[in-house]
Amino acid sequence: MKTYRALLLLFALLLTASLHAQNDTLRILAIGNSFADDGIEYLDEVARSAGKHIIVANTYIGGCSIARHLDNARHDRPAYLYRKNIDGKYTEEHDKTLHDAIRDEAWDYIVFQQVSDLAGQYGTYFPDLAELMDYVRPLATNPHVQYALQQTWAYARNSTHPGFYRYGKDQQTMYNEVVFAYSQAARRQHITRVIPTGTAIQNARSSSLGDTLCRDGYHLNLTYGRYTAACTWFETFFGEPSTGIAYRPEGVSEAQAKIAQQAAHAAILCPTAVTDLSHL
C-alpha cells in the first residue's frame with residue numbers, strides 16, 4: 001500500500017511539474033519568410049540561456065509578402081515549410097497550410113511582417129494585413145493570444161537587391177520609411193508589440209561592426225547579425241534585458257556579442273531612432 005501511494009504521489013508531482021513547464025513556456029508563431037528565419041534562428045538558445053522555455057515556429061516561404069500570405073489563406077494552400085523549434089530541437093514539415101500552423105499550438109504571440117523590399121511602402125500593408133489578421137483570429141486557440149509585427153531592417157549600403165531602388169539605394173531612407181510604415185501599421189491594427197529588429201541592426205551598424213551585418217546585402221549574416229535579431233526578439237517578448245546573457249553563437253566573439261546585446265537593448269528603449277554605438 002505504501003509503495004502504491006508513493007507511486008501515486010510521484011505521478012502527481014511529475015504531472016504538476018509537466019503542467020508547470022507547459023504554463024511557463026512561451027509560444028511564438030511567425031507568419032513570415034526568410035527575414036523571420038533570420039530573426040528567430042538563435043532565439044531558442046538565447047531564451048534557454050536565460051532560463052526560459054520557448055516554442056517558436058515560422059511558416060516559411062522565401063520572399064513572401066502579406067498579400068501572398070493572404071492569398072494562400074483564402075485558398076488554404078499547402079505552400080509552407082513549417083519550421084518549429086521546441087527548446088532547441090527543430091522539426092521541418094513541408095506542404096503545410098497557415099491553418100495547420102495556427103492550430104498547431106495555443107500560441108501566445110503571432111507575428112506578422114511585410115516582405116523586405118515593400119516594408120517601407122505603407123500603402124502595401126492594407127487592406128491585406130487587416131484581412132490576414134481577420135483570418136487568423138478565429139483560428140487561434142489561445143483566447144489571450146497577442147499579435148506583433150517584426151520591423152525588418154534596411155539593406156546594406158552596397159546591396160544589389162532590385163527592391164533597394166524603391167528607396168533610392170539609400171540605407172537611411174529605407175530605414176526611416178520602414179520604421180514609419182511599421183509604426184503606422186501597428187497603430188492602425190492596434191498592435192502593441194513591434195519587434196524593433198531594424199533599429200537594432202541599424203544601431204549595430206553605428207558600432208565598430210560597421211555595415212557588415214548582412215551576408216548578401218539584405219539577409220542577416222549567420223553570426224552576429226542573426227544574434228542581434230534574436231536578442232531583440234528575446235527582449236520584446238520576455239521583457240528582460242539581453243545584456244549579459246552568456247550564450248553566443250559559434251563564431252561570435254565576446255566583443256561582437258556585447259555589441260549585439262547593446263544594440264538590441266537600445267532598440268527596445270528607443271525603437272524608432274538609431275542609438276549611436278560608435279564607442280563600442
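## Around I28

Which residues does I28 touch, not counting residues up to four places away in sequence? In this predicted model, I28 touches L43, I54, I55, V56, A57, W107, Y109, V111, W233 and F237, where contact means heavy atoms within 4.5 Å.

## The nonpolar core

I28 is also, with I110 and F112, among the residues with the most contacts inside the largest nonpolar core, which has 84 residues. Such a core is a set of buried Ala, Val, Leu, Ile, Met, Phe, Trp, Tyr and Cys residues joined through side-chain atoms within 4.5 Å; buried means under 20% relative accessible area, with a 1.4 Å probe and protein chains only. Helix α9 (residues 224-238) gives the most to this core, nine residues in total. Helices here are DSSP runs of H or I, at least four residues, numbered from the N terminus.

## How α9 meets α10

The axes of α9 and helix α10 (residues 254-269) come within 8 Å and cross at roughly 40°; axes are lines fitted to C-alpha atoms over the stretch in contact, with angles running from 0 to 180 degrees between N-to-C directions. The two helices are therefore oblique to each other, as angles under 35 degrees count as roughly parallel, over 145 as roughly antiparallel, 65 to 115 as roughly perpendicular and the rest as oblique. Among the residues making the contact are Y227 and C231 of α9 and A260 and A264 of α10.

## Reading notes

Residues are numbered from 1 along each chain as its sequence is written. Local features need pLDDT of at least 70, side-chain atom pairs count only at pLDDT 80 or more, totals for chains, interfaces and linings use all residues, and side-chain values use heavy atoms, leaving out hydrogens and water.

How values were computed: Buried < 20%, exposed > 50% of the residue type's maximum accessible area, 1.4 Å probe, protein only.
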